[in-house]
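Please look over the sequence and the model shown here before reading on. The text below walks through them part by part.

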Amino acid sequence: MTVDDAPAPSSGPRRRSRRTRFGRVRADLALIRSMLTLHPRSFALSFAGAAVFAVGTVASSFALRWVIDEVVLARFADGEVATATVITGVALIVGIGIVRAVGVVFRRAFASTGMWRVAQSYTDQVLDRLIRQPVSWHRRHADGDLVARAGVDTETTVSVIAPIPFATSTLVMIAVSTVWLFAIDVWLGAVAVVVFPLVVVTNVVYERSVTGYYARAQEQLGDFSAAVHESFEGVQLVKSYGAADRETRRLASLADRVRASRVEAVVRRSWFEALTDMIPALANIGLVLLGAARVESGDITVGDFSSVIFLFTLLVLPLRLIGYALSELPRSMAAWTRIQAIVREDVLDDPAASIRRPPEGVGIALRGVGFSHEGDDEPTLVDVDLELALGTITAVVGATGAGKSTLADVVLGLTAPTTGSVALAAGPRAIVLQEAFLVSGTVRDNVAFGGDVDDDQVWAALHVAAADEFVAGLPGRLDTVVGERGVSLSGGQRQRVALARALVRSPRILVLDDTTSALDPATEAVVLERLRAALDATVLLIASRPSTIALADDVVYVRAGRVAGHGPHDRLLADQPGYRDLVRAFETDRSAAR
């Protein structure tokens with residue numbers, strides 16, 4: 001290959017830049033189209049009102065020209081004007097003003113209505129996808145970031161759509177105005193041909209320069225929201241460990257990143273807005289100089305000249321609005337991309353859908369169940385075979401990290417096993433976690449939790465959970481507001497209310513993940529005995545307290561993800577040295593704690 005045959009070194013990057021630019025334009029158009037098609041009727045009416053306003057605006061300059069030439073100048077020249085001519089001028093100005101006002105009402109009302117309907121649709125889409133995703137998916141995502149996508153990102157996405165009808169009406173005004181200016185005078189039309197494209201080019205250059213900053217700021221805002229959510233969730237831990245200053249510094253650092261990206265974008269936006277103000281102003285100055293010369297030469301009338309200046313003055317705000325719409329596009333695109341990342345992600349299979357039915361008389365049956373966390377080399381559960389009879393209470397015992405909680409998640413269908421199968425008796429299933437979660441409503445709200453239950457059923461569930469006495473002593477009984485996360489209740493009271501929430505649904509399978517850890521042994525024994533008497537349920541009880549283990553019908557001893565033993569407590573104590581040592585360690589810990 002000769003030197004002459006070699007391609008220009010910059011041709012490749014130039015083509016890539018062109019493809020990137022066109023790709024960005026296509027993405028912007030796809031964003032706007034996706035919002036307009038969600039609620040087309042509202043936006044169609046808004047666009048119709050915008051078009052009426054645009055034509056009315058250009059027509060108002062025509063009316064001004066006619067009034068100046070036929071009324072004002074004629075009065076100066078002839079000393080009088082026919083009444084019909086004055087009435088015609090008034091009718092033109094008032095009529096066009098009314099038409100423009102109607103156009104403005106339609107444009108603004110239906111654009112705002114459409115914008116908030118789009119916001120609701122996007123929020124519903126995100127929430128629908130969040131609800132449909134299984135627990136395993138949610139554990140891989142920060143709660144605060146998901147909240148930001150359903151809230152802040154949604155509002156940011158739709159911020160660009162409200163000015164779009166006005167911006168499109170501006171394009172109509174530009175087109176009609178250019179024709180009108182050429183009809184008045186070729187030289188004035190030439191000014192429009194130069195100025196209008198210059199404004200559009202300025203907008204495009206700006207949009208390209210700030211896209212990266214807004215995208216980065218939106219991602220950082222999601223990280224900041226997640227950190228704030230995490231910090232507020234653990235506010236008691238932060239306070240108790242004296243970590244408030246450290247948390248403040250951490251959040252301040254994340255906020256500074258958002259601020260830095262936003263400031264960079266705002267700096268560019270300020271220059272852009274100054275240019276969008278300056279270009280029409282300079283154009284008006286040029287038009288005054290050119291128009292005065294054209295009037296003096298007799299090529300145009302004073303009415304022509306006045307209508308041109310009036311028209312350009314009216315176009316200053318709409319031209320700025322195009323700039324505003326384009327300046328919002330990068331922020332909206334960044335937020336929309338984050339929303340689509342959630343909405344377009346495939347919904348993972350519901351682990352509960354693969355649960356089978358066990359043989360008659362069996363509540364829970366596991367066959368060859370194994371589970372490995374994504375990215376972990378060591379499995380959490382290995383070849384678990386387990387069969388529990390209906391109506392029995394089984395304690396699951398094991399050292400920390402043995403796989404007890406994972407086993408509970410697999411049994412409830414919250415997590416799909418990597419291998420093997422799960423079979424459960426037909427009927428409702430419920431789990432009560434060690435860390436009881438209560439909503440900031442009343443006791444009734446927390447027990448019913450949206451279920452169709454009456455007060456008698458609520459009181460019955462509270463009785464089984466040994467919570468009826470303390471609830472009866474509360475100032476408002478069932479109507480007592482427990483505060484956010486049940487802050488007004490003790491740990492044991494929260495656990496019992498959470499247990500009542502599970503019991504009111506009459507579950508056939510009940511998993512208690514160290515639920516009674518905050519109860520004294522006597523209350524715990526009462527709860528388990530009432531459970532045994534009131535429910536026809538299979539209970540899987542994750543336990544670390546010897547008194548709890550002794551109350552169970554049998555025990556499953558889990559070691560390193562495997563079922564090392566299954567049988568009555570006394571037999572395991574005799575046959576399993578590891579189990580015996582673990583129970584002794586539990587007893588030693590309890591004695592030391594006392």
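What follows goes from the whole chain to the sheets, then to single residues and salt bridges.

This is a predicted model, in which local features need pLDDT of at least 70 and side-chain atom pairs count only at pLDDT 80 or more, while totals for chains, interfaces and linings use all residues. Residues are numbered from 1 along each chain as its sequence is written, and side-chain values use heavy atoms, with hydrogens and water left out.

The protein has 594 residues, and 45% of them are buried. Buried means under 20% relative accessible area, exposed means over 50%, and partly exposed is in between (1.4 Å probe, protein chains only). The secondary structure comes to 20 helices and nine strands; helices (H or I, at least four residues) and strands (E, at least two) are DSSP runs, numbered from the N terminus. The accessible surface of the protein is about 29,300 Å², and carbon and sulfur atoms account for 59% of that area. These areas come from the Shrake-Rupley method with a 1.4 Å probe; for residues, only the protein chains shown count as cover. A contact means heavy atoms within 4.5 Å. Among contacts between residues at least 6 apart in sequence, 77% join residues at least 24 apart.

Turn now to the sheets. Strands of a sheet pair through backbone hydrogen bonds, either parallel or antiparallel. Here, two strands count as paired if DSSP finds at least two bridges between them. Strand β1 (residues 362-371) runs antiparallel to β2 and is joined to β2 by six bridges; Val362 stands opposite Ala389 in β2. Axes are lines fitted to C-alpha atoms, for helices over the stretch in contact, and angles run from 0 to 180 degrees between N-to-C directions.

A further open sheet has six strands in the order β5-β6-β7-β3-β8-β9, with mixed pairing. The edges are β5 (429-432) and β9 (562-567), each pairing on one side only. Here the twist averages 20° from one strand to the next. Strand β8 (residues 554-559) pairs with β9 in the antiparallel sense over five bridges, and the bridge partner of Val555 in β9 is Gly567. Helix α12 also lies across β3 (393-398), β5, β6 (509-513), β7 (538-542) and β8, at about 160° to β6.

Thr406 sits in that helix, α12 (residues 404-412). Is Thr406 buried or exposed? Thr406 has a relative accessible area of 12%, so it counts as buried. Leaving out residues up to four places away in sequence, Thr406 touches Phe371, His373, Thr380 and Leu381.

Helix α3 (residues 83-132) contains Ser121, which is buried because its relative accessible area is 16%. Apart from residues up to four places away in sequence, Ser121 touches Leu38 and His39. Leu38 is 83 residues from Ser121 along the chain, yet their C-alpha atoms are separated by 7.7 Å.

Val102 also belongs to helix α3 and is partly exposed, at 43% relative accessibility. Together with Val86, Val90, Val94, Ile98, Val105 and Phe106, Val102 makes a nonpolar surface patch of about 580 Å². Patches are made of residues with over 30% relative accessible area and no salt bridge: like charges are joined within 9 Å, nonpolar side chains (Val, Leu, Ile, Met, Phe, Trp, Tyr) within 5 Å.

The last topic is charge pairing. A salt bridge is a side-chain nitrogen of Lys or Arg within 4 Å of a carboxyl oxygen of Asp or Glu, and the whole structure has six. One of them joins Asp128 and Arg132 (3.5 Å, N to O). Both residues lie in helix α3, four residues apart, about one turn of the helix. Another joins Glu387 and Arg367 at 2.6 Å, N to O. This pair links distant parts of the chain, with Glu387 in strand β2 and Arg367 in strand β1, 20 residues apart. Glu387 is partly exposed at 40%, and Arg367 is partly exposed at 38%. Elsewhere, salt bridges that share partners join Asp185, Arg294 and Asp299 into one network.
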